[in-house]
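Here is a short briefing to read beside the structure. Take it one topic at a time.

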Amino acid sequence: NTAKNRLDYQPPAYVISQVELEFELLPSKTRVLAVSQLRRAEAGATSLWLDGQELQLISLTVNGKDWTTYEQRPDGILLRDLPEQFELCIRTEINPAANTALEGLYLSNGAYCTQCEAEGFRRITFYPDRPDVMAVFTTHIIADANLPFLLSNGNLIARHQLADGRVRVSWHDPFPKPCYLFALVAGDFDELTGSYITKSGRNVALKFYVDKGQQQQAQFALESLQRAMKFDEDVYGLEYDLDIYMVVAVDFFNMGAMENKGLNVFNSKFVLADAQTATDTDYFNIESIIAHEYFHNWTGNRVTCRDWFQLSLKEGLTVFRDQQFSAAMGSATLCRIDAIKTIRTAQFAEDAGPMAHPIRPDVVEEMNNFYTVTVYDKGAEVIRMQHTLLGAAGFRCGMDLYFQRHDGQAVTCDDFVQAMQDANQTDLSAFKRWYSQSGTPELSAILENTATGVRLTLRQQTAPTKDQADKHPLLLPLRYELHDGKGQIQSGLLQFASAEQSFEFTDLQLPVIPVLLADFSAPVKFSYAWQTDELLYLSQHAQDGVARWDAMQQLWSDLVRRSVRDGQLAAIPSGLLDVLGQLIRSPLTDLAFSAELLTLPGFDTLAEQYEQIPVEMILDALESYQQQLATLFNADWLDLYQRLAPAPYRYSEEQTGLRALRNTALRYLLRVTETPDSLWQQQYTGSDNMTDKLAVLQALVRAAHPQAQQMLQQFYLQYGHNVQLFDKHSALLASLGTPQVFALLDQAEQLAQFDWKNPNRVRALYAVFGQQNPAMFHQADGAGYQRLASVIGKADVINPQLASRLVTPLLSFKRFAPARAALMQQALSQLQQQGLSPDLTEKLNKALH
Ligand code: B3K
Ligand code: ZN
């Protein structure tokens, strides 16, 4: 066990002021020379640990002399007898062509690129691979002339032709940085160029590097970057600091994107977009991820993490900032609903399972396993709560102080909260427990009359988690609305910090209909004994849009819960049908919001509400309710569909809403046999954009329509040559809820475009199968579990990070009835027989013990 503990942090023995790297690029024999200037930081220290993995050491000198007093181990080198100050010069050889883990320096379709966060730099050279060692980097790249673009961090300072025909370029990044922000890219690309003038008048060159022929598809990403740069100036006063900002799109990538200083590397699916290949959702994701990586330039790069336990310092904060940006670019309510779904499905599940951890973890084996929905998305909720408690102006003051104090430093989550506190002269010590406690608080409320008004009694409780037995109350900011049902509303913000507390409200008598988590003001589970008509009232009259949507979600989960309890489908109350009918016949002006109100909660959202998940019952109830709505409102759906006539494609809030609502209608229409095939065929062939084409296929798949498979085949033949569309085809196929899916998955693995080495290809099939196909993944005989486990075993040998992410749906086997849990556990145990990567080992040990 190689577990590391947060509290064991030791500052570095030596620090590095400057490092000069020289790369001689060859696919299987790349030479790396690293020359670093070191200085003792800890009194009396004479030895220094350098991390290194899969490196061939060629030579090592200290102050120009061969150094022999060192000890080489499988994971690095311990240097001894070092002077106070010295120049360290290390030559290594690495093999990018053999690097299928996609960590360190590797090849993606013939282009060299790097991924160093969290601990990938140690696969490039021996170095103190920890974020609190910040140095100024200069990088020289030597490569054949067939690689015209040789890129690294900072500004280009030189370019020479060498005598042997090769080219040598040099880059210098003046901002000290940890090695996880280092990047190198070398390849042949198309270049899309733009510019941005900062608020103080500096001109920044913006450059996007994409595969040949795809230049125009980066235009939307470029414009998104310009909007993000403006937003950070307007809202936080933060300006870009180099003369050039580069983004490279690669198809082989383990996650979404990486914020390397001045040289972001992106998964190409989060850069490339045009109406024919990208959906509205793709456009939304591109804009938000471009912004996320840009915002890291301040929250992550200028101020970075002291150690990896502090990851949420940069990730929670940067997700919060990208959410603010997306809310400002489009519908804030819709963005919030998206974020809530992520918390209620993936994050609540993580907190209830074997990988439960606080947003600032205490124990880590493999750091790559902690880039989680907890650190990122719950981390963002924890920042959001501070924003709620301090107000926008107070939060901004805290941010200003944070940068004033810590620019150029590697700091902790405590430092962040301290700045928020000091700038606002307030005490956040009670709030800080959110950083150290894992698990989901469950909040409940009771209302009663008193002599002078109404008393609201709140209780909170957090169940023990796998990692922590004892739980304490947390400070919950609760945005409430109290409705008297006749149009009078009292609203405000409560701070609830104990296990139980009562709040008195005057000028009010029961009956009162409460909203207690408007805008989802705290990431908790909430229960209150609303009557059906109270929820219906809130769905119409809550001031907060999120609360209106939540009331509808609550109505459906109540119905499903009753169906599960009674073993028979509960009837949809007539009041709910009235509200739905009304919405279909005359939608709200925000069409996308109407679409959300007309959509039932997903399987995962419902599943999270049960201690033992009744898979079939939830699926059956969802299926029946959707079928009923389809049949009952058939004429209204058709009418709505026909009224929402599409205009030529543009990505805009208005058009996106129209398509969302129209395609919601389509989904219901395809569930009834009377709907003529010509309706969806016309949309499929007649539409000028991928959003509407894909919506047809999705609707066919979800309705298990007899023509679904044939249409998937047609889509593949027509579009499968484009990798983004090939992945969309895979994802659709993997979500088919009938047993044929197993044979189709087999066939898909055989297609020429499929590649086990490319995480996008594998995820499109198997992340989707495991996470978006509950009917087949949870098939009662365990075939789904077996399939996923065997894929994970195969992937782990190639790419541990990929395998480790795919395993998530199997980990929570304890949430299922014994027969099913046993099958899931069995699949995991079989997997464990194989020699596994540290990534999977950590997760399986936690799940199985
Ligand atoms: N910071 C990177 C994630 C790195 C993941 C390493 N396994 C992308 C981001 O959050 O912006
Ligand atoms: Zn990030």
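**Helix H8 and its partners**

The buried residues of helix H8 pack against strand S30 (513-515), helix H9 (545-566) and helix H10 (574-585). Keep in mind that this is a predicted model.

- Helix H8 covers residues 532-541, and its buried residues are Leu535, Leu538 and Ser539.
- Viewed down the axis of H8, these buried residues fall within an arc of 105 degrees, so they line one face of the helix.

**Around ligand 1**

- The residues around ligand 1 include Glu117, Ala118, His292, Glu293, His296 and Glu315.
- Strand S20 (257-258) and helix H2 (280-295) are the elements that each give two or more residues to this shell.
- Sorted by class, the shell has five nonpolar, three polar and four charged residues.
- Ligand 1 lies between domain 1 (14-279) and domain 2 (304-436), because both give residues to its shell.

**Cis peptide bonds**

- Glu117 and Ala118 are joined by a cis peptide bond, with omega about 0 degrees.
- Ala118 sits in the loop between strand S11 (111-115) and strand S12 (135-143).
- A cis bond also runs from Leu510 to Pro511, with omega near 5 degrees.
- Pro511 is in the loop between strand S29 (500-506) and S30.

**Positive phi angles**

- Glu54 is not a glycine, yet its phi is positive, about 50 degrees.
- Glu54 belongs to the loop between strand S4 (48-51) and strand S5 (56-62).
- Glu54 has 16 C-beta neighbours inside 10 Å, so it counts as partly exposed.
- Gln425, not a glycine either, has a positive phi of about 45 degrees.
- Gln425 lies in the loop between helix H6 (413-424) and helix H7 (433-436).
- Gln425 is exposed, with 8 other C-beta atoms within 10 Å.

Notes
Residues are numbered from 1 along each chain as its sequence is written. Chains are lettered from A and ligands numbered from 1 in the order in which they are written. This is a predicted model: local features need pLDDT of at least 70, side-chain atom pairs count only at pLDDT 80 or more; totals for chains, interfaces and linings use all residues. A residue is near a molecule or strand if its C-beta atom, placed from the backbone, lies within 6 Å of it. Helices (H or I, at least four residues) and strands (E, at least two) are DSSP runs, numbered from the N terminus. Ala, Val, Leu, Ile, Met, Phe, Trp, Tyr, Cys and Pro count as nonpolar, Asp, Glu, Lys and Arg as charged, and the others, Gly among them, as polar. Domain bounds come from an automatic or database domain assignment. A residue is buried if 20 or more other C-beta atoms lie within 10 Å of its own, exposed if 12 or fewer, and partly exposed in between; C-beta atoms are placed from the backbone. The arc is that of the directions from the helix axis to the C-beta atoms. Two residues are in contact if their C-beta atoms, placed from the backbone, lie within 7 Å.
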